[in-house]
Amino acid sequence: MAANPTGVGGHEYGYAKTTRTDKWWVGPAATAFGLGLWLIYYVWSAAQGDYYAAGPYMSPFYPFYLHPSEAGMGASDAFFGMNPAWWPALISPALIAGFAPGAFRITCYYYRKAYYRAFFGTPPGCAVGARPQDYRGETFLLVFQNLHRYALYGALLLLPYLYWEAFQSFRYHGEWGVGVGSIVMVLNSVFLTFYTLGCHAWRHLVGGQLNCFSCGAVPRLRYGAWKGVSRLNENHMKWAWTSLIWIAFTDIYIRLVSMGVITDLNTWGGF
Ligand code: FES
């Protein structure tokens with residue numbers, strides 16, 4: 001007997017078959033395009049190992065990399081394509097550094113739905129025939145997705161670093177100031193915070209395993225935090241995309257400034 005006989009689940013038997021009459025395929029197609037483009041850009045940019053810093057700005061693709069100011073780079077340099085001496089020349093640190101945030105995104109509950117639909121068609125949409133027909137959910141190898149709660153800790157550790165880099169972007173050669181790049185970096189930290197703190201696993205950590213929200217000061221405190229996290233959680237998809245796009249935009253902006261293609265408007269006189 002067929003796993004999805006006609007009419008069961010609101011769709012006809014067969015991959016992408018459905019009785020739906022709306023444009024259900026637009027979402028998965030846009031997701032495949034957007035995620036695919038982002039991944040190609042990330043791998044390309046991270047493999048470069050160059051143009052990751054300009055003035056006091058650091059690309060978020062290169063966390064824990066040597067900051068130009070620590071390396072004593074000059075103010076007039078438009079290009080800071082250098083590697084720390086201790087790092088193997090052929091391995092871009094951005095590819096390694098992307099492991100923790102990458103694991104966090106890949107195992108995120110929103111992204112699972114997005115890429116299952118967009119890339120694997122399991123199923124491509126609600127009430128649409130899946131591929132393979134004997135879809136068994138998140139079993140076998142996909143059980144590794146349960147590690148999301150641990151990937152969350154890595155993502156949480158990364159946030160203070162991003163704020164530190166954003167803070168450093170307001171100081172150049174001992175002088176406080178502000179530039180377009182500083183604002184871009186601050187927004188990057190904020191969007192990533194909204195995405196990270198809207199995580200389902202974080203919401204459980206903050207407000208889960210409590211039988212009574214009003215019994216005591218700590219449960220009441222946790223209830224307040226849980227409500228805030230829930231608001232972010234309701235918009236998790238929005239913050240997932242906003243932060244993803246902004247990370248790439250931040251990298252592109254800093255790359256273009258460091259290459260001299262565009263000039264950053266700032267109080268230090270431009271670079
Ligand atoms: S569920 Fe999306 S980041 Fe945790």
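**Close-up views of a predicted model**

View 1. Helices (H or I, at least four residues) and strands (E, at least two) are DSSP runs, numbered from the N terminus. The model is predicted: local features need pLDDT of at least 70, side-chain atom pairs count only at pLDDT 80 or more, and totals for chains, interfaces and linings use all residues. Residues are numbered from 1 along each chain as its sequence is written. The axes of α6 (residues 180-197) and α9 (residues 236-259) come within 9 Å and cross at roughly 155 degrees. Axes are lines fitted to C-alpha atoms, for helices over the stretch in contact, with angles from 0 to 180 degrees between N-to-C directions. The two helices α6 and α9 are therefore roughly antiparallel (over 145 degrees; under 35 is roughly parallel, 65 to 115 roughly perpendicular, the rest oblique).

**View 2. Residues of α6 meet residues of α9.** On the α6 side they include Val184, Leu187, Phe191 and Tyr195, and on the α9 side Trp239, Trp246, Tyr253 and Val257. Contact means that C-beta atoms, placed from the backbone, lie within 7 Å. By class, this contact has 14 nonpolar, five polar and no charged residues. Ala, Val, Leu, Ile, Met, Phe, Trp, Tyr, Cys and Pro count as nonpolar, Asp, Glu, Lys and Arg as charged, and the others, Gly among them, as polar.

**View 3. The largest nonpolar core has 41 residues.** Such a core is a set of buried Ala, Val, Leu, Ile, Met, Phe, Trp, Tyr and Cys residues joined through C-beta atoms within 7 Å. A residue is buried if 20 or more other C-beta atoms, placed from the backbone, lie within 10 Å of its own, exposed if 12 or fewer, and partly exposed in between. Among the members that touch the most others are Tyr52, Leu152, Trp202 and Ile254. The largest share, seven residues, comes from α9. Trp202 touches Leu152, Leu197 and Val229, not counting residues up to four places away in sequence.

**View 4. The loop between α4 and α5 holds Pro123 and Ala127.** The peptide bond from Thr122 to Pro123 is cis, with omega near -5 degrees. Ala127 has a positive phi of about 60 degrees although it is not a glycine. Ala127 is exposed, with 12 other C-beta atoms within 10 Å.

**View 5. His173 lies in the loop between β3 (171-172) and β4 (175-176).** Its phi is positive, about 50 degrees, although His173 is not a glycine. His173 is exposed, with 12 other C-beta atoms within 10 Å.

Notes: Two residues are in contact if their C-beta atoms, placed from the backbone, lie within 7 Å.
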